[in-house]
Amino acid sequence: MLCSVFFVYFLLLLKIYRYNIKSKELFSAEIYLKEVEKDVEKEMADYPKLFPEINYSAGKSSEFADARKHWANQDFAAIFNGDYVWPFAESVGGKYPNYQFYVKPDKPLTRWDMMMIASVRTDYTNQTLHPEIAEVISSAAQYNDMKVRQANYKDNFSAYYPVLYIDTTGEESSYDGDSQDQKAEAFYTLTKMGVLTADNGYLRPKAQVTRAEAVTVLQRLYDATAK
């Protein structure tokens with residue numbers, strides 16, 4: 001009987017010893033992970049971001065209604081919340097002042113889409129060019145597939161639609177619709193920078209972006225704006 005008691009007591013001590021060893025190991029692992037996190041944070045702080053919280057909305061919910069439950073919700077918020085929600089909305093619902101903005105977060109990107117998103121970066125770095133309308137028209141004329149025309153009420157005025165609406169019927173030409181100056185300046189700036197280039201005179205604004213093109217555009221954008 002006495003041996004049985006001692007044996008049980010021994011097993012209990014062994015269990016406690018193993019628990020303490022395991023606790024120390026877990027504690028050491030936790031400390032190690034915290035040190036790794038600090039190192040990563042330090043490296044990220046030293047590494048320049050391409051879109052460093054454009055509207056100071058990092059960590060907040062997106063103003064696009066259909067992006068709020070999306071896995072990229074906070075990324076949409078960081079780049080587009082504020083000034084860029086209206087022009088970058090794919091569609092708008094509701095009534096003033098309770099508009100609902102929709103971005104279609106899973107829709108594939110076109111080359112024009114990439115260019116417009118890249119223009120958010122040039123705005124942030126104050127490198128967006130502000131040409132005269134005549135310069136925009138002249139620049140667009142260099143491409144076989146860039147359209148410049150007067151708008152009508154059925155037109156799509158989204159930043160994603162690759163047509164520059166310019167009214168040339170008056171004494172002075174003028175942008176014809178919301179966000180058209182932004183589209184024109186983005187087109188002019190990103191093509192002049194060489195971020196978006198043509199192939200045999202064709203800019204192919206409606207073509208979907210390949211992985212190779214996306215990588216190239218991002219690298220060119222960084223090179224052109226990180227100086």
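I take contact to mean heavy atoms within 4.5 Å. The model I am reading is predicted.

**Entry 1: the sheet.** I looked up the strand order and found an open sheet of 3 strands, E3-E4-E5, with mixed pairing. I noted that strand E3 (147-149) and strand E5 (174-175) each have a single partner strand, so one side of each edge strand lacks a neighbour in the sheet. I then followed the pairing of E3 with strand E4 (residues 163-167), which is parallel and runs over 3 bridges. For Lys147, I recorded Val163 in E4 as the bridge partner.

**Entry 2: the helix on the sheet.** I checked helix H5 (residues 133-140) and found that H5 lies across E3, E4 and E5.

**Entry 3: the largest pocket.** I recorded a volume of about 910 Å³ for the largest pocket. Its lining comprises 36 residues, and Pro105, Lys107, Leu109, Asp113 and Ile117 lie nearest the centre. I listed helix H2 (73-80), helix H4 (111-124) and helix H7 (211-225) as the elements giving two or more residues to this lining. H7 gives the most, with 5 residues. By class, I noted 22 nonpolar, 6 polar and 8 charged residues in the lining of the largest pocket.

**Entry 4: the second largest pocket.** I recorded a volume of about 170 Å³ for the second largest pocket. Among the residues lining it, I noted Trp86, Glu90, Phe157 and Asp178. Helix H3 (85-88) and strand E1 (91-93) each supply at least two lining residues.

Definitions and conventions:
Residues numbered from 1 in each chain as written. Predicted model: local features only at pLDDT ≥ 70, side-chain atom pairs only at ≥ 80, totals over all residues. Heavy atoms only, no water. 1 Å grid on protein atoms, 1.4 Å probe; cavity = no way out; pocket = protein on both sides within 12 Å on 5 of 7 lines; lining within 4 Å. Points joined across faces, edges and corners; volume = space filled by probe spheres on them. Helix = DSSP H or I, 4+ residues; strand = E, 2+ residues; numbered from the N terminus. Nonpolar A, V, L, I, M, F, W, Y, C, P; charged D, E, K, R; others polar. Pairing = 2+ DSSP bridges. Axes fitted to C-alpha atoms, helices over the stretch in contact; angles between N-to-C directions.
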